[in-house]
Amino acid sequence: MTQQLPPYASPEQPTPGYAPAPPAPERTNTMAILSIVFAFVFSPLGIVFGVIGRKQARERNENGRGLATAGMWLSIVFVVLGVVTAVIVSVMAASIAQQVSQLPDVPPASSSSSDVPAVTPEQLAPEVSAQLGAEDVVCPEMLPGQVGATTVCSGTVDGEQAQLGVTVTEVSGTQVAFRIARVG
């Protein structure tokens, strides 16, 4: 018994009540997906997953070969950029370290506020020497620019060792005036 087709139906159309079978779902290779993800997370692993994903997609006839290729190349670019950045940062750090090592020594800041001027030992010793006619004057510390601040320098006066007291008498801006007297 043959089935009779309605006059408007064509033999290419499926008969009513039967739907065509859906196409088999095409699978995307997992390594290809991981390659694109790891390109942004951990690039060296993205390269490995990209190579494996390309090979598996070809051998298993799966989708994702282009995805694996993109992930692999993105990973390569990110690794190269990372290496170039590391080299540039290393060179800059070495250059900065060299420049810092060539800076002149800065005397330590006084323990008081940074607005207070101070007289360094290198500035104080020649003044003490000039005012008292002392030789070989050594001042051990900075003299803070505060009225009443004192320090004791040592030197030779008239051929004898002497202790020379320095006391700040006036401060005007960055100018510090002091009195020098032999204390021992």
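Start by selecting Asn61: this residue is exposed, with a relative accessible area of 73%. Asn61 sits in the loop between helix 2 and helix 3. In sequence Asn61 and Glu26 are 35 residues apart, while in space their C-alpha atoms are 9.3 Å apart. Keep in mind throughout that this is a predicted model.

**The whole chain**

Zoom out and colour by secondary structure. The protein has four helices and six strands. Followed from the N terminus, the order of the elements is α-α-α-β-α-β-β-β-β-β. Colour next by accessibility: of the 184 residues in the protein, 24% are buried.

**Helix 1**

Select residues 30–41. This is helix 1, with 12 residues. From its first C-alpha to its last it reaches 16 Å, close to the 16 Å expected at 1.5 Å a residue.

Go to the N-terminal end of helix 1 and show the side chain of Asn29. Asn29 caps this end. One of its side-chain oxygens is 2.8 Å from the backbone nitrogen of Met31.

Which residues of helix 1 are buried? Select Ala32, Ser35 and Ala39 to see them. These residues lie on the same side of helix 1, because they cover an arc of only 45° around the axis.

Then turn the view around to the face of helix 1 directed away from its buried side. The exposed residues Phe40 and Val41 are carried there.

**From helix 1 to helix 2**

Show the aromatic rings. The model has two aromatic pairs. One of them is Phe38 with Phe49: the ring centres are 5.3 Å apart and the planes stand at 75°, so the pair counts as edge-to-face. Phe38 belongs to helix 1 and Phe49 to helix 2, so the pair ties together parts that are 11 residues apart in sequence.

Are Phe38 and Phe49 buried or partly exposed? Phe38 is partly exposed, its relative accessible area being 22%. Phe49 is buried, with a value of 14%. The cut-off for buried is under 20% relative accessible area.

**The disulfide**

Move along the chain and select Cys139 and Cys153. The model has one disulfide, and it joins these two residues with an S to S distance of 2.1 Å. Cys139 lies in the loop between strand 2 (135–138) and strand 3 (143–144), and Cys153 in strand 4 (residues 150–157), so the pair ties together parts that are 14 residues apart in sequence. Look along the S-S bond: the angle about it is 110°, and the link of Cys139 and Cys153 is right-handed. Cys139 and Cys153 are both buried.

**Two aspartates**

Select Asp136, which is found in strand 2. Its phi is positive, about 50°, although Asp136 is not a glycine. Asp136 is exposed, with a relative accessible area of 64%.

Where is Asp158? Select this residue in the loop between strand 4 and strand 5. Asp158 also has a positive phi of about 50° and is not a glycine. Asp158 is exposed, with a relative accessible area of 74%.

**Strand 5**

For the last stop, select residues 160–172, which form strand 5, and pick out Thr167 within it. Thr167 counts as buried, at 19% relative accessibility.

What is Thr167 in contact with, leaving aside its neighbours within four places in sequence? Display Gly148, Ala149 and Thr150, and then Ala177, Phe178 and Arg179; Thr167 is in contact with these residues. Thr150 can also be found within the range of strand 4 (residues 150–157).

Terms used:
Residues are numbered from 1 along each chain as its sequence is written. This is a predicted model: local features need pLDDT of at least 70, side-chain atom pairs count only at pLDDT 80 or more; totals for chains, interfaces and linings use all residues. Side-chain values use heavy atoms; hydrogens and water are left out. A disulfide is a pair of cysteine sulfur atoms within 2.5 Å. Buried means under 20% relative accessible area, exposed over 50%, partly exposed in between (1.4 Å probe, protein chains only). Contact means heavy atoms within 4.5 Å. The expected span of a helix is 1.5 Å times one less than its number of residues. The arc is that of the directions from the helix axis to the C-beta atoms. A polar contact is a pair of N or O atoms within 3.5 Å; within protein, one must be able to donate a hydrogen and the other to accept it, and residues adjacent in sequence count only if both atoms are side-chain atoms. Rings of Phe, Tyr and Trp (its six-membered ring) pair if their centres lie within 6.5 Å; planes under 30 degrees apart count as stacked, over 60 as edge-to-face and the rest as tilted.
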